Amino acid sequence: MKVYINGKFFPENEAKISVFDHGLLYGDGVFEGIRTYNGRVFMLEEHVDRFFRSAQAICLKIPMTKTELIQAIVKTCKINNTMNGYVRLVGTRGVGTLGLNPYLCKKPQIIIIAADISIYPRKMYDEGMAIVTVGTVRNLPEAVNPQIKSLNYLNNILAKIEAINAGVPEALMLNSQGYVAEATGDNIFAVKGQCLKTPPTHAGILEGITRNVVMKLAREMGCEVREEMMTRYDLYTADEVFLTGTAAEVIGVVKIDNRQIGDGRPGKITRELMKRFKEYAYNNGYPIR
Ligand code: PMP
């Protein structure tokens, strides 16, 4: 594997950054996870736009244009022959002192890693997954806004630990007011009849790119899609619940807090969206040439 760092490619074991990088010392940086399908980078511009928005929110100046970054991502995929894989884009604050001051860090580091994708087992897509509500509340939007895809993922990691310790792969995180926010690395939807509901961004969530694609596909299926505050009541009483994310795509949730959701299997709308999403992903994207 060849890793991109600031315009150059390094073999995996030589791809290194400084221990004084504030990305390491403080989680001061931003990132994106991107998929390639069938020789194309899926939703590349949307990911690059979100990367720049995250950077803007933390006053991190990305030392290249969006077009240059797009070209660098495509080139990294090409060099690594990542035709059906996963790309991790990272922007760190760069080397600084041991103090917090980000303005003393002179050079942001841009890292692109093109790798294989590891997803949940096939069986979980067929049968659905179980999740639990965790005590770790999602970051407050007025503190570190979850719309910033920052390198400081401890909020999500603490929630993930709770989920794994409870014997399930994912956590349902609520916001500080007790409304449904999202999972640790995925957005959440509830289906009731032909209507889909998902929390609005002001609930304190990452505005998922998969979420937005799925909302569009669901509307094309004739479903009504609403961004609305939800409580766990809405999930417990839903016909179907599913998660969306770049890595997971669309995956049904059949148990929450040990309660069966719907008939205990991924529902009709979930399955149709899984299928349509795959088709859409395989047929759209920025060609790797
Ligand atoms: N929420 C969180 C906290 C995430 O980390 C992710 C994955 N990046 C998502 C939601 C899903 O977003 P996307 O569909 O853009 O991958």
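The legends below describe close-up views of a pocket and a ligand in a predicted model.

**View 1. The largest pocket and its centre.** The largest pocket holds about 740 Å³ of space. Its lining is made up of 34 residues, of which Tyr86, Lys149, Gly185, Asp186 and Ala247 are the closest to the centre.

**View 2. Elements that line the largest pocket.** Two or more lining residues come from each of the strands β3 (29-37), β5 (86-92) and β13 (240-245) and from each of the helices α2 (44-57), α5 (154-165) and α6 (209-220). The greatest share is that of α5, which supplies three residues. Both domain 1 (2-115) and domain 2 (122-282) take part, each with at least three residues in the lining.

View 3. Among the residues that line the largest pocket, 13 are nonpolar and twelve are polar.

View 4. The ligand is surrounded by 17 residues. Lys149, Tyr153, Glu182, Thr210 and Thr246 are the closest of these. Lys149 is also one of the residues closest to the centre of the largest pocket.

View 5. The side chain of Lys149 places an N or O atom 2.6 Å from a nitrogen atom of the ligand. For Glu182, an N or O atom of the side chain is likewise 2.6 Å from a ligand nitrogen atom. Ile209 takes part through its backbone: a polar backbone atom of this residue is 2.8 Å from an oxygen atom of the ligand. The ligand exposes 390 Å² when taken alone, and the protein buries 95% of that area.

Conventions
Residues numbered from 1 in each chain as written. Predicted model: local features only at pLDDT ≥ 70, side-chain atom pairs only at ≥ 80, totals over all residues. Heavy atoms only, no water. 1 Å grid on protein atoms, 1.4 Å probe; cavity = no way out; pocket = protein on both sides within 12 Å on 5 of 7 lines; lining within 4 Å. Points joined across faces, edges and corners; volume = space filled by probe spheres on them. Helix = DSSP H or I, 4+ residues; strand = E, 2+ residues; numbered from the N terminus. Nonpolar A, V, L, I, M, F, W, Y, C, P; charged D, E, K, R; others polar. Domains from an automatic or database assignment. Near = heavy atom within 4 Å. Polar contact = N/O pair within 3.5 Å; in protein donor to acceptor, adjacent residues only side chain to side chain. Areas by Shrake-Rupley, 256 points an atom, 1.4 Å probe, with all protein chains shown as cover.
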